[in-house]
Amino acid sequence: MTSFSIHGVGVSSGIAIGQAHLISNALLEVVHYQLPMHLIDDEIKRFSDAIATVKYDLEKINSSLRKNAPAELSAFIGTHLMMLSDKSLSEAPKKIIQNEKCNAEWAIKLQMDEIVEQFEQIEDDYLRERKQDVIQVVERVIKVLLGHPSQLATEQQLSALSEEHKLILVAHDISPADAIQFKQHEFAAFITDVGGITSHTAILARSLNIPSIVALQKARDLIRDGEIIIVDGKQGVVIVNPDKNILTEYKLRQEQWELEQQKLQRIKSTKAVTLDGINIDLFANIEVPDDVTAVKAAGATGIGLYRTEFLFMNRREMPDEEEQFIAYKKVAEAMKGDVVIIRTLDLGADKQMNPDTVVTCANPALGLRAIRYCLSEPQIFHTQLRALLRASHFGNIKILVPMLSTLSELRQTKLLLERAKLSLRKQGVLFNENIALGGMIEIPAAAINAEAFASELDFLSIGTNDLIQYTLAIDRTDDAVAHLYNPLHPSVLKLISMTIKAGEKLGKSVSVCGEMAGDAKLTKLLIGMGLRQLSMHPSHILSVKQQILHSQMSALSANSRKILNLTDIEKIEPLVAKLNRIADLRMHPRP
């Protein structure tokens, strides 16, 4: 058998060696056929029964979760259950069956296509990936309608596998519910044709510490069931039918990787301090309150970004003040005095709350979103600010404002915050009168004017994902230009440096909360540039901490200045790699 490799996007590091287990794509099996009038009611019932079956299956999976299971699992299952209850999926296909006189599979696929088209208009990476939730839910329903709901290998198939190899899942996409079932069988890795760095498959793989590669395009077609494959999650490479030499090499790499992961656990309770005594705060990013479990398990010292929009998504009504207050309070209390930075609502033209609502915008990324949306909807913003202020009485909460571009936006925000405080004072409600207010620097205009923003804010947080995209005019999810997306572009580094210097000059803390913060290859560069706070996915904290513990700040600062003076990205990349090899031979890393 010929050996070959496929390249994709590595979203969870590690090396897995095993046999391919292919999962069918039910959407490809859907055919369209007409039904006589007297069978329409039966078809509608068949559809309703399928919805009920999937709900039952998901609830059963959810109830079977272990208490120590990652919080993301239950949250994702809840999202799918909520979608199944939404009329756009549970009722609209019935009308299509009746009006078009078509089969149930075809009806729900038509409805899915319409919803997915709406999600395609969303600019935000994470929220655009939520279209995969719709596809996964629909695929699960279609599998029931087609009579083969289970994607798992049978126990006979599992026992027939040799002890030497585990299964590696190869699919067009993997739903959270399927991932949970797969995990129970201790599968070695996930690889999918679709997905991105923020897809649920990626998030789940990271939370479960399972190697994963997405966006492989044709893996499902090129790989055969039972073939031996190697998954290198760090490099984003799948090797199919490796020869003896390659297999031996990767087994050694796998052993080395597992040993490194075991060693990382030893530093969980160690403070993130450089060899010359500089302390670095390592915070975690979260989406839902239950994520706090993962934050504590990783040894994070606080929450640097709590994305509140996930309280608002996939529903037709806004969460009221009490619902928001309970969510924010839960996180604040769970962190027991550690900092919790909560970002205000980031909805707008590119992120719709109601899945049935279609808002047309020529360029959603440049439209009414984030703080622009909040200022245009002062009552919605007022409700959130009151909830945040109320929760501040129960913990160390700070408020973070996204996508600031002008001082006028900031001043309007501060005015609305004062109005929210006044309304609570009149009611005698307790809150932190001196709650800190920060701003996200994710637009080049804000980075260039960072000193002015720092003078009116308590802290700054650099959102590198958007800052890179806006600076380079690149959509990293667009395959045609994704290769141009590079955090080491000299213009990006200069904007980050300008923001850090503005904070230093005015005595305001500056953090990074984008993907750059969790990339251990960039840790020494970022702290060498002057950053003292990094916020990332909990699964990245230990690898970043390891880099900090082996860093000598005096050497890093000098070399980082040299890198910032360069204008050619091809010269910057090797110097960053060299920076990671710098070690002060006079000192030894902590045990």
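**Inside the core**

Tutor: Let's start with L282: leaving aside residues up to four places away in sequence, L282 touches A272, A300, T301, G302, L534, M536, I541, V544, K545 and I548. Keep in mind that this is a predicted model. L282 belongs to the largest nonpolar core, a set of 87 residues, and is among those with the most contacts inside it, along with I303, Y306, Y328 and L534. As a general point, nonpolar side chains in soluble globular proteins tend to be buried together.

Now for the rings. The structure has two aromatic pairs. One of them joins Y306 and Y328: the ring centres are 6.0 Å apart and the planes sit at 80°, over the 60 degrees needed, so this pair counts as edge-to-face. Y306 is in strand β10 (residues 303-307) and Y328 is in helix α14 (residues 321-334), so the pair ties together parts 22 residues apart in sequence. As for burial, Y306 has a relative accessible area of 0%, so it's buried, and Y328 is buried too, with a relative accessible area of 0%.

R253 lies over the face of Y250, 4.5 Å from the ring centre. Then there's K398, whose charged end sits over the ring of F459 at 5.7 Å from its centre.

Note on methods
Residues numbered from 1 in each chain as written. Predicted model: local features only at pLDDT ≥ 70, side-chain atom pairs only at ≥ 80, totals over all residues. Heavy atoms only, no water. Core = buried A, V, L, I, M, F, W, Y, C linked by side-chain atoms within 4.5 Å. Buried < 20%, exposed > 50% of the residue type's maximum accessible area, 1.4 Å probe, protein only. Contact = heavy atoms within 4.5 Å. Phe/Tyr/Trp six-rings, centres within 6.5 Å; stacked < 30°, edge-to-face > 60°. Helix = DSSP H or I, 4+ residues; strand = E, 2+ residues; numbered from the N terminus. Lys NZ or Arg CZ within 6 Å of the ring centre and 35° of its normal.
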